[in-house]
Amino acid sequence: MFDIQLCAVNCKLTIVRNTCLIGLCFCALILCSGVYADEGAGTSDRDEVEELLATGSMYYAAGLAENAIASYEQAILLDPRNASAWNYLGIALRSLEQYDQAEEAYFHALDITPDDPEIWYNLGYAYGLSGEYEKEIEAYLEALRIQPDLSLAWRNLGVAYLDMGDEEASLHAFVKRAEYDPDSVVAWLDLGAVYERMGNLEAARLAFEKALYIDEDLIMVKEKIEEIDRLLHE
């Protein structure tokens, strides 16, 4: 669900924006516990809210975002202080490219739980898709202030810096991603691609070698290393 697309074009590794929809904690087919700021909702309402969240998640997983939105909005009517409902509403709205409405839903969620790194991540992702890269970066940095090991936030932060033309800041973000997620093939492929883009072929080769060590069947990466070796010996 959180895989990152890495495209090969003319044997070039190119980093593209993460197409995953959410951060780390969204459950598509199981009951997701709501985040309550207080005990305002009664037990029966709370049970109904949980059912609505689960129903919305199943609708969303089936590609029925509008139905999911209806379920989340019903949950919010029953408990306006349920941060999860607002967060999931933002996710569903984002999938329909309703970025302004999605951002507003995330703001409501953060009003209730301001220290939730997943919601900050989701807000940043919505900003990025709408081209608001500076706000995207700010949101990811806030998520990482709360949870420094949120590797997907480091990854998307790196992409955002690339979009802004700041290769040094991007490199730092991708290095942190690899540090926090050293067993991720994609983390090393991303890092290698940034090094290659910056002209540091030796560092790029080392990063690609680490990816190949994790998955020795990556034929494209073997070819990339061979290509770099030819360039280094010219």
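**Helices, cores and ring pairs in a predicted model**

The secondary structure of the chain comprises 11 helices and two strands. The model is predicted. Read from the N terminus, the order of elements is β-β-α-α-α-α-α-α-α-α-α-α-α. The chain has 234 residues, and 50% of them count as buried. Contacts between residues at least 6 apart in sequence were also examined; 52% of these join residues at least 24 apart.

The largest nonpolar core contains 28 residues. Leu 53, Tyr 72, Trp 86, Leu 89 and Tyr 106 have the most contacts inside this core. Five helices each supply at least two of its residues: H1 (43–61), H2 (65–78), H3 (83–95), H4 (99–112) and H5 (117–129). Helix H3 gives the most, with eight residues. Leu 89 shows what such a position touches. Leaving aside residues up to four places away in sequence, Leu 89 is in contact with Ile 69, Tyr 72, Glu 73, Ile 76 and Ala 105. A second core is separate and has 21 residues. Among them are Leu 191, Ala 203, Ala 211 and Val 221.

Aromatic rings were considered next. A pair of aromatic rings is described by two values, the distance of the centres and the angle of the planes. The chain has two aromatic pairs. Tyr 72 sits in helix H2 and Tyr 88 in helix H3. The two residues are 16 apart, and the pair links distant parts of the chain. Both Tyr 72 and Tyr 88 are buried.

The rings of Tyr 121 and Tyr 140 also pair, with centres 5.7 Å apart. Here the planes are at 40 degrees, so this pair is tilted as well. Tyr 121 belongs to helix H5, and Tyr 140 belongs to helix H6 (residues 133–146). The pair therefore ties together parts that are 19 residues apart in sequence. Tyr 121 has a relative accessibility of 0% and so counts as buried. Tyr 140 is buried too, because its relative accessible area is 0%, and the cut-off for buried is under 20%.

Technical notes:
Residues numbered from 1 in each chain as written. Predicted model: local features only at pLDDT ≥ 70, side-chain atom pairs only at ≥ 80, totals over all residues. Heavy atoms only, no water. Helix = DSSP H or I, 4+ residues; strand = E, 2+ residues; numbered from the N terminus. Buried < 20%, exposed > 50% of the residue type's maximum accessible area, 1.4 Å probe, protein only. Contact = heavy atoms within 4.5 Å. Core = buried A, V, L, I, M, F, W, Y, C linked by side-chain atoms within 4.5 Å. Phe/Tyr/Trp six-rings, centres within 6.5 Å; stacked < 30°, edge-to-face > 60°.
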